[in-house]
Amino acid sequence: MKDRSLASFGATFGALGAAVVGFAASLATAIDDLGPAPTFCARSCEVVRSSAWARPLGIPMSLLGVAFFAAMIALAFIDRPRLRRGLAVAGAAWAIWLVVLQGFVIGAWCKLCLVADPAAIIGAACVLAGARTLGFAWSRAALGVAAVAGIVLALAVWTRSPELVETADGPVPAFVSRSQAPGKVTIVEVVDFECPFCRKMQTRIDDARARTQVPVQVERKMMPLSMHEYAIPAAVAFCCADAQGKGEEMARG
């Protein structure tokens, strides 16, 4: 009887804890999705965020996660066992699908998703293992808010990408030096048109050109990556357009 009681206690607080962790991770992802620039996860997360799967029906996946985990937290205090089990199982199945999607279709991993998706799976396991309904208390609500804030802060530290150090040390690649000429400023950009970082770099280049009084020429070198399905056709199209003097229009199309 005591072992059963301990198991029920563990399942109850395990389900709630998983929902709180998943909610915090989804909230952090939503901040990145809706903000002007990533606050938490910028590199591999950006690849996932820029994929065609990131916004089903135009809704950021992170907002669906926030709504799901908020509902799971609420159902930890509302006695609706069938609804709770059904939602938990559906959320776990969706989380498994998202993990498979990142690993075998997108080919990149979002750190925040690797917190939220397992949280949904663990939460469902705890619910099916017999998680009970808790009585609501303001002290528990305050503890939950503090836990979410602490987890979001921890995620910000964990997912932060190291700063890139710009340096001019080392030899200049031959394809770059060949493009340079006295009295001219030429930016040589290595491009994959499906790469989200290349798109961000284009914005930075445009901003830099707008703030300088010196004429700047941009020369693009195609480097399509095999992981991007349409990168090679896009590179070929650009080369054809560039040969006709319309490369700039193609790059911005």
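Predicted model: local features only at pLDDT ≥ 70, side-chain atom pairs only at ≥ 80, totals over all residues.
View 1. Val100 belongs to helix α4.

**View 2. The nonpolar surface patch.** Val100 is one of the residues that make a nonpolar surface patch of about 820 Å². Trp53, Trp94, Ile96, Trp97, Phe104, Val105 and Ile121 also belong to this patch. Helix α4 gives the most to the patch, namely six residues.

**View 3. Helix α4 from end to end.** Helix α4 runs over residues 81–106. Its 26 residues reach 35 Å from the first C-alpha to the last, close to the expected 38 Å. The buried residues of α4 include Ala88, Ala92, Ala95 and Leu98. Just after the helix, Gly107 has a positive phi of about 75°.

**View 4. Helix α9 and its buried face.** Helix α9 covers residues 231–243, and its end C-alpha atoms are 18 Å apart, which agrees with the span that 13 residues should have at 1.5 Å a residue. Ala231, Ala234, Ala235, Phe238 and Ala241 are buried in α9. Seen down the helix axis, these buried residues fall within an arc of 125°, so they line one face of α9. An α-helix has 3.6 residues a turn, so residues three or four places apart point the same way.

**View 5. The surroundings of helix α9.** The cover over the buried residues of α9 includes β2 (216–222) and α10 (247–251). Ile232 and Ala243, on the other side of α9, are exposed. Gly245 follows α9 and has a positive phi, near 80°.

Terms used. Residues numbered from 1 in each chain as written. Heavy atoms only, no water. Patch = residues over 30% accessible without salt bridge, like charges linked within 9 Å, V, L, I, M, F, W, Y side chains within 5 Å. Areas by Shrake-Rupley, 256 points an atom, 1.4 Å probe, with all protein chains shown as cover. Salt bridge = Lys/Arg side-chain N within 4 Å of Asp/Glu carboxyl O. Helix = DSSP H or I, 4+ residues; strand = E, 2+ residues; numbered from the N terminus. Expected span 1.5 Å × (residues − 1). Buried < 20%, exposed > 50% of the residue type's maximum accessible area, 1.4 Å probe, protein only. Arc of directions from axis to C-beta. Contact = heavy atoms within 4.5 Å.
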